[in-house]
Amino acid sequence: MTQPDRADRLYNPSVHDASLTPVALADALGRSVVGQRRAVEEMSIALAKKLAGLPAGNVLLIGSSGTGKTTLMRTVETFLSERPELARRSTQIRVHANVLAEEAESGRPGAGVIRRLLERGREQLGLDAPVERIIERARDGIVFVDEIDKIRSVVGGEPHLTGIRAQEALLTLMENASVPVTLPDWAGGGRMAFDAADLWFVGAGAFEGLYDAVHDRVTLGSDRGALQPTTVVEDGTVHQEVRFQLSDWLRSEDLFQYGMSPQFLSRFDSVILLHDLTVDDLVHIFLESPDSGFRQSQAYFEHHGRELALSPAAVRRIAEEAASRPRLGARALKEVFRRVVRDHEFDPTAAGGDTAIVIDLPEVEAALAAPDESP
Ligand SMILES: Nc1ncnc2c1ncn2[C@@H]1O[C@H](COP(=O)(O)OP(=O)(O)O)[C@@H](O)[C@H]1O
Ligand SMILES: [Mg+2]
């Protein structure tokens with residue numbers, strides 16, 4: 001008889017599942033999340049740990065609107081829910097931080113998150129599953145808290161009570177191993193101590209204004225002069241340029257000032273900044289993303305028996321226009337594309353009803369030059 005492989009005895013076998021290494025996970029997530037390499041990699045490392053049953057460390061994602069924060073969370077959800085073999089580790093919920101604030105107001109901090117986890121576990125295991133199994137699963141759950149910047153403890157220099165309570169509510173779950181909850185009726189009602197020690201939290205928010213606040217600190221405020229020009233070589237010329245990157249300068253104090261309490265922030269093991277998307281990223285999203293305005297429009301014309309095509313120059317121009325809109329990220333693509341395609345969509349079977357519609361650069365330029373009459 002052969003000895004079992006030493007590695008088998010030493011390690012949790014799930015760690016060695018080749019599809020669950022950080023590299024493989026990043027590859028899978030990166031198919032839906034364009035750019036944001038570092039965020040995808042960090043998320044993959046944490047997820048790999050979580051799936052191996054090890055402490056994963058809570059993650060906080062910070063990035064301007066439309067850079068892919070919710071997309072990254074949704075991609076993880078889809079990845080897990082499409083793999084039945086991971087089901088034991090994939091009781092996940094996504095909540096809007098404002099909901100936590102409302103619940104905190106009503107004096108049941110954390111109860112809503114646990115209730116949702118239990119409901120999700122029940123959905124996965126079936127209505128007849130034993131309550132103990134559902135609870136066990138919920139305890140191992142993944143909690144995505146979106147728009148986490150909405151629960152600031154200060155707004156405009158004034159204390160923001162709902163935010164403070166919501167942060168406290170989340171803290172209860174993040175640091176108290178045992179949270180008293182009332183079980184739902186289907187679980188027999190009654191109170192129990194819910195062990196929250198193994199929950200994994202991923203928070204995300206745009207933290208609007210954080211960029212400017214840090215930029216001000218570094219250029220005008222206490223760290224004035226810290227930002228030095230660097231030598232840049234571009235298109236064969238060399239020049240000096242001052243380049244500000246939030247990731248180079250962000251400190252915990254900036255987030256405290258923004259209204260994330262030190263206790264709350266200290267429960268996140270990694271803070272990951274998503275960068276603003278480049279024109280190339282936007283081109284990619286425009287052409288490939290299943291919920292891009294272009295793909296949706298193509299489906300619409302297909303429905304009318306017509307094909308919609310854009311020249312590469314037209315696509316690039318749309319992406320450039322979107323990139324120039326501040327703080328909208330990939331969301332600007334839809335808005336820009338609407339202006340271009342509106343007239344075609346209004347009369348999809350206009351002249352030459354059985355031929356393809358091909359939009360080229362001049363048409364895009366004309367559409368963007370025309371006054372935008374949308375409200
Ligand atoms: N990095 C990205 N990769 C793929 N799609 C993206 C990315 N960023 C934004 N999008 C697209 O833009 C829209 C808004 O993205 P979302 O992830 O909701 O932004 P936010 O960062 O504000 O949560 C979505 O429809 C999504 O398809
Ligand atoms: Mg979002």
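The dialogue below goes from the whole chain to the ligand site and then to single residues.

A: Begin with the origin of the coordinates: this is a predicted model. Then take the overall make-up. The protein chain has 17 helices and 13 strands, and its C-alpha atoms fill a box of roughly 65 × 60 × 55 Å along the principal axes.

Q: What share of the residues in the protein chain is buried?

A: Burial is judged from relative accessible area, and under 20% counts as buried. Of the 375 residues in the protein chain, 42% are buried. The accessible surface of the chain comes to about 19900 Å², and carbon and sulfur atoms account for 51% of that surface.

Q: Into which domains is the protein chain divided?

A: The division gives domain 1 (6-205) and domain 2 (279-369). The contact between them takes 5 residues from domain 1 and 9 residues from domain 2. Their centres, taken over C-alpha atoms, are separated by 36 Å.

Q: Which residues come nearest to ligand 1?

A: For a ligand site, list the surrounding residues and then look at individual atom pairs. There are 18 residues around ligand 1, of which Val34, Gly66, Lys69, Thr70 and Thr71 come nearest. By class, this shell has 5 nonpolar, 10 polar and 3 charged residues. Helix H4 gives the largest share of the shell, 3 residues. Both domain 1 (6-205) and domain 2 (279-369) are represented, each with at least three residues.

Q: Which protein atoms lie 2.8 Å, 2.7 Å and 3.0 Å from ligand 1?

A: Keep backbone and side-chain atoms apart when reading such pairs. A backbone N or O atom of Val34 is 2.8 Å from a nitrogen atom of ligand 1. From Lys69, a polar side-chain atom lies 2.7 Å from an oxygen atom of the ligand. From Asp291, a polar side-chain atom lies 3.0 Å from an oxygen atom of ligand 1. Taken alone, the ligand exposes 540 Å², and the protein buries 90% of that.

Q: Is Thr67 buried or exposed?

A: Thr67 lies in the loop between strand S1 (59-62) and helix H4 (69-81). Its relative accessible area is 3%, so Thr67 counts as buried. The side chain of Thr67 reaches the backbone oxygen of Ser64 at 2.7 Å. Leaving out residues up to four places away in sequence, Thr67 touches Gln36, Leu274, His275, Asp276 and Leu277.

Q: Which side chains make polar contacts with the side chain of Thr91?

A: Thr91 lies between H4 and strand S2 (92-96), and it is buried because its relative accessibility is 0%. Its side chain makes a polar contact of 2.7 Å with that of Gln124 and another of 3.4 Å with that of Arg137. Residues that Thr91 touches, beyond four places away in sequence, include Leu117, Arg120, Gly121 and Ala138.

Q: What is the phi of Glu147, and what is that of Phe207?

A: Most residues other than glycine have a negative phi. Glu147 is not a glycine, yet it has a positive phi of about 55 degrees. Phe207, also not a glycine, has a positive phi of about 45 degrees.

Q: Where do Glu147 and Phe207 lie?

A: Glu147 is in the loop between strand S3 (142-146) and strand S4 (154-155), and at 29% relative accessibility it is partly exposed. Phe207 is in the loop between strand S8 (200-205) and helix H9 (210-219), and at 2% relative accessibility it is buried.

Key: Residues numbered from 1 in each chain as written. Chains lettered and ligands numbered in written order. Predicted model: local features only at pLDDT ≥ 70, side-chain atom pairs only at ≥ 80, totals over all residues. Heavy atoms only, no water. Helix = DSSP H or I, 4+ residues; strand = E, 2+ residues; numbered from the N terminus. Buried < 20%, exposed > 50% of the residue type's maximum accessible area, 1.4 Å probe, protein only. Polar contact = N/O pair within 3.5 Å; in protein donor to acceptor, adjacent residues only side chain to side chain. Contact = heavy atoms within 4.5 Å. Near = heavy atom within 4 Å. Areas by Shrake-Rupley, 256 points an atom, 1.4 Å probe, with all protein chains shown as cover. Nonpolar A, V, L, I, M, F, W, Y, C, P; charged D, E, K, R; others polar. Domains from an automatic or database assignment.
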